[in-house]
Amino acid sequence: MANAERTLVLIKPDALQRELAGEVLSRFEKKGLKIVALKLTNLDDSTLQEHYGHLADKPFFADLKSFMMQTPVIAMILEGLGAIDEVRKIVGATNPREADAGTIRADLSMNVPSNMVHASDSPENAEIEMKRFFKDDEVFTYVKLTDKYHFGEGV
Ligand code: TYD
């Protein structure tokens with residue numbers, strides 16, 4: 001939709017291990033975010049070096065990378081009004097014990113790095129991250145019957 005934003009989300013290995021991937025996806029769907037790309041993918045070292053480059057000098061970086069390689073991740077692009085900020089709001093703060101109740105991280109997890117979800121934190125990073133994980137022909141544009149509720153002019 002012309003007035004919507006797109007953002008990159010990863011459902012992390014702890015969610016897959018704990019059989020909570022569906023629960024996470026469901027929270028985004030219920031909010032009214034449209035799934036425009038979705039796949040299971042393995043992260044390799046060089047992708048993680050890029051994706052988490054801002055953390056490369058942190059003592060936990062090696063553990064973070066091996067955590068992210070435990071299983072494939074579910075990568076997706078979600079579309080919606082203000083999607084970048086809305087998704088970050090639903091995901092919650094990085095440390096699940098500091099996240100607000102009702103967020104995915106607060107409700108479903110206890111600790112880093114196993115905090116369930118990655119979500120782009122700015123329009124600039126969303127553009128870079130969507131391209132990191134998806135080719136143009138893997139991203140879809142389609143009409144849903146509910147679009148008028150989620151993308152309409154509002155009242
Ligand atoms: P970061 O980009 O700071 O946060 P966010 O995921 O909320 O955008 O950190 C990336 C991931 O690194 C974070 O989701 C979990 C992990 N991490 C740790 O394992 N330990 C830490 O102290 C921090 C800050 C992050």
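These are my notebook entries on a predicted model of a protein.

**Conventions.** I number residues from 1 along each chain as its sequence is written, and I use heavy atoms for side-chain values, leaving out hydrogens and water. Because the model is predicted, I noted that local features need pLDDT of at least 70 and side-chain atom pairs count only at pLDDT 80 or more, while totals for chains, interfaces and linings use all residues.

**Entry 1: elements.** I looked up the secondary structure and found 8 helices and 4 strands. Both are DSSP runs numbered from the N terminus, helices (H or I) of at least four residues and strands (E) of at least two. From the N terminus, the order is β-α-α-β-α-α-β-α-α-β-α-α.

**Entry 2: the sheet.** I found that the 4 strands form an open, antiparallel sheet in the order E2-E3-E1-E4. Two strands pair if DSSP finds at least two bridges between them. At the edges I noted E2 (34-41) and E4 (117-119), each pairing on one side only. Between E1 and E4 I recorded 3 bridges; Ile 11 has Val 117 in E4 as its bridge partner.

**Entry 3: Thr 7.** I located Thr 7 in strand E1 (residues 5-11). Thr 7 counts as buried because its relative accessibility is 0%, where buried means under 20% relative accessible area, with a 1.4 Å probe and protein chains only. Leaving aside residues up to four places away in sequence, I listed its contacts, among them Met 76, Ile 84 and Met 130. Contact means heavy atoms within 4.5 Å.

**Entry 4: the whole protein.** I noted that 44% of the 155 residues count as buried.

Terms used
Buried < 20%, exposed > 50% of the residue type's maximum accessible area, 1.4 Å probe, protein only.
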